[in-house]
Amino acid sequence: MHTLKSALAVVAALGVGAPVGAPPAAAPVQARVVDGEPTAAACREYGFDLARTSRSDKLAMTAPAVGMAAPMPPAPPPPPPPPGAASEAFARSRVAGPILPRPPGPPVAADTERYPDATPNPVRRVADQPVSTFSIDVDTASYSNVRRFLDAGRAPPRDAVRVEELINYFDYGYARPESASQPFAVTSVVTPSPWADGRQIVHIGLQGYELPEGQRRPLNLTFLVDVSGSMGSADKLDLAKQAMNLIIDRLRPQDTVAVTYYAEGAGTTLAPTPGTDKLRLRCAVASLYASGGTAGATGMTNAYDQAQVHFARDRVNRILMFTDGDFNVGVTDDKRLEDYVADKRGTGIYLSVYGFGRGNYQDARMQAIAQAGNGVAAYVDSLNEARRLFGPAFDRGAFPIADDVKVQVEFNPARVAEWRLIGYETRLLNEEDFANDRIDAGEVGSGASVTALYEITPVGGPTQVPDRRYESARPQAAPAARGNELGFVQIRYKLPGQPTSDLIQQPIRAAATRPGEATRWALAVAAFGQKLRGDPWMAADYGWDRILDQAQGARGDDPFGDRAEFVQLVRAASALPERRTP
């Protein structure tokens, strides 16, 4: 017999409001948590044959009986818990463990990576277009993907650098909201632009409400795992398994997880299983192996079927997709996939996408699917990144506090001549979309923050759009009221499950101040991203040395070393050779 690790967890609370004279409420029901190392002997008792590890049979893509393993051998399993340690302590030790090297990627014969087109936003004249509207973005895929390129001594493709995702990788310590009913606190700062004399930066920060533990709904998760042949390397399926085990660490008794897969076809390795049955879940994950083609669309339909099994409006119903995004069997058209996922979003089942690997990483497809599914898009380049995404920060994506979150900024023509939004090129909305509750936008999870930066030219400053020949002949608008305001920011959002949106409004005051640490750091990251992708609005003489100085001067408290790592990425970027290939 194998050794099982167990712990006790509360799964039911005491009754509330019992009538007078009623018998005492029953004691809380205790659930036995079964966990441990998914060894071949341990998993055999659950019907998972891990002895197939050394075999390379072609994957038989038929759905096994509920609770039985598909014929898939594992990569090396996660390390066992220390003898006698509690599950929670073991989970913490694995999340906060030592920094490990990133797994080396396999040699790639042909680079087929694809990224969404993201032409830098233009400069807008306030006289012509005073309003900017966009959907929020809490994704961070671009940051870890850029890091992967720089670690390899290569410049990332320009469209792989989404500046807003680089900026939003970091925490800025914004003031926190006090109520879930108004789930955002808005911060705005105006400061001189470090790379353009005579211009200013408007720094807008949204901080989301952090749900107390007791307000976090049960999770109904479905793992959708790409086990096609292209996933057969240490930086893909093996790393995805480690990520899934980190999620299993955090499961509560009221949570459920199903494990599904796809390659030439699709199947279900494990039907929805409670969070107390961790060892069974680990065995299901360990049984996965890579072989065959990539029928991603078939896998998605099967995953939605499994998510529907335990669907409930009082649960968080979400599919977590682990893939390199390379579909080559069945439906492969991005638009059709996006439309399908958007339709399923309407049922209350959301989809997040986690990307792995290099050479054939399909970022464009993954961005489109995640945005359509009201989910997170992230790229996992290392176990350290998996620990960041699936450790305590997992709650920021798992427990939503607001859907369809849109930002709209109106600039005051009496004070601002021009503006440009830095980043968010793939998230822009029309002005009329802001008040239309049928237009989809981004989701924000518990405790998450969103940062946006605008570069503006004050009236009388060095404008970038030249005067027009017949400008003086145009009817002149009356001077704007509220002359001490640079602009007006509005946030529109829906509380989870609600069909209509609510509104937060706040003016942006004109006084430019010396930026605090948070703003200085955001500016350093923004300069890094713009220079890395060659944005035309950055001053040509604003060199890497100035970006490095800016970052070094704003590192502040850095308990996890994220900012120190960024400084090293700036140094790596400054040493890149000239681009010689597309």
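## Aromatic pairs

Rings of Phe, Tyr and Trp (for Trp, the six-membered ring) are taken as a pair if their centres lie within 6.5 Å, and a pair is stacked with planes under 30 degrees apart, edge-to-face with planes over 60 degrees apart, and tilted otherwise. On that basis the structure holds 24 aromatic pairs. One of them joins phenylalanine 223 and phenylalanine 322: the ring centres are 5.7 Å apart and the planes stand at 90°, so the pair is edge-to-face. Phenylalanine 223 belongs to strand 7 (residues 219-226) and phenylalanine 322 to strand 10 (residues 316-323), so this pair ties together parts that are 99 residues apart in sequence. Helices (H or I, at least four residues) and strands (E, at least two) are DSSP runs, numbered from the N terminus. Both phenylalanine 223 and phenylalanine 322 are buried, where buried means under 20% relative accessible area, exposed over 50%, and partly exposed in between (1.4 Å probe, protein chains only).

Ring pairs also link Tyr143, Tyr169, Phe170, Trp521, Phe528, Trp544 and Phe566 into a cluster. Arginine 388 lies over the face of tyrosine 169, at 3.9 Å from the ring centre, and the charged end of lysine 531 sits over the ring of tryptophan 544, 5.7 Å from its centre. The criterion is NZ of Lys or CZ of Arg within 6 Å of the ring centre and within 35 degrees of the ring normal.

## Model and overall make-up

This is a predicted model, in which local features need pLDDT of at least 70 and side-chain atom pairs count only at pLDDT 80 or more, while totals for chains, interfaces and linings use all residues. Residues are numbered from 1 along each chain as its sequence is written, and side-chain values use heavy atoms, with hydrogens and water left out.

The secondary structure of the protein chain comes to 14 helices and 18 strands. Of the 582 residues in the protein chain, 54% are buried. Contact means heavy atoms within 4.5 Å. Among contacts in the protein chain between residues at least 6 apart in sequence, 80% join residues at least 24 apart.

## Helix packing

Two packed helices are described by the angle between their axes and the distance between the axes. Here the axes are lines fitted to C-alpha atoms, for helices over the stretch in contact, and angles run from 0 to 180 degrees between N-to-C directions. Angles under 35 degrees count as roughly parallel, over 145 as roughly antiparallel, 65 to 115 as roughly perpendicular and the rest as oblique.

The axes of helix 5 (residues 234-250) and helix 10 (residues 383-390) come within 9 Å and cross at roughly 30°. That makes helix 5 roughly parallel to helix 10. The contact involves Leu239, Gln242, Ala243, Leu246, Ile247 and Arg250 of helix 5, and Leu383, Ala386, Arg387 and Phe390 of helix 10. Helix 10 is mostly covered, with six of its eight residues buried; these are Leu383, Glu385, Ala386, Arg387, Leu389 and Phe390.

For helix 13 (residues 544-552) and helix 14 (residues 562-574), the axes come within 10 Å and cross at roughly 175°. Helix 13 and helix 14 are therefore roughly antiparallel to each other. On the helix 13 side, Trp544, Ile547, Leu548, Ala551 and Gln552 meet Phe566, Val567, Val570, Arg571, Ala573 and Ser574 of helix 14.

## Individual buried residues

Asparagine 145 is placed in helix 3 (residues 141-151) and is buried, with a relative accessible area of 1%. Leaving aside neighbours within four places in sequence, asparagine 145 is in contact with Tyr115, Ala160, Tyr361 and Tyr379.

Strand 13 (residues 400-411) contains aspartate 404, which has a phi near 50°, a positive value in a residue other than glycine. Aspartate 404 counts as buried at 12% relative accessibility. Phenylalanine 411 is also found in strand 13 and counts as buried at 1% relative accessibility. Phenylalanine 411 and glycine 487 are 76 residues apart in sequence, yet 4.1 Å apart in space, C-alpha to C-alpha. Not counting residues up to four places away in sequence, phenylalanine 411 touches Val126, Pro130, Val416, Trp419, Tyr454, Ile456, Leu486 and Gly487.

Tyrosine 424 lies in the loop between strand 14 (416-422) and strand 15 (442-445). Although not a glycine, tyrosine 424 has a positive phi of about 65°, and at 1% relative accessibility tyrosine 424 counts as buried.
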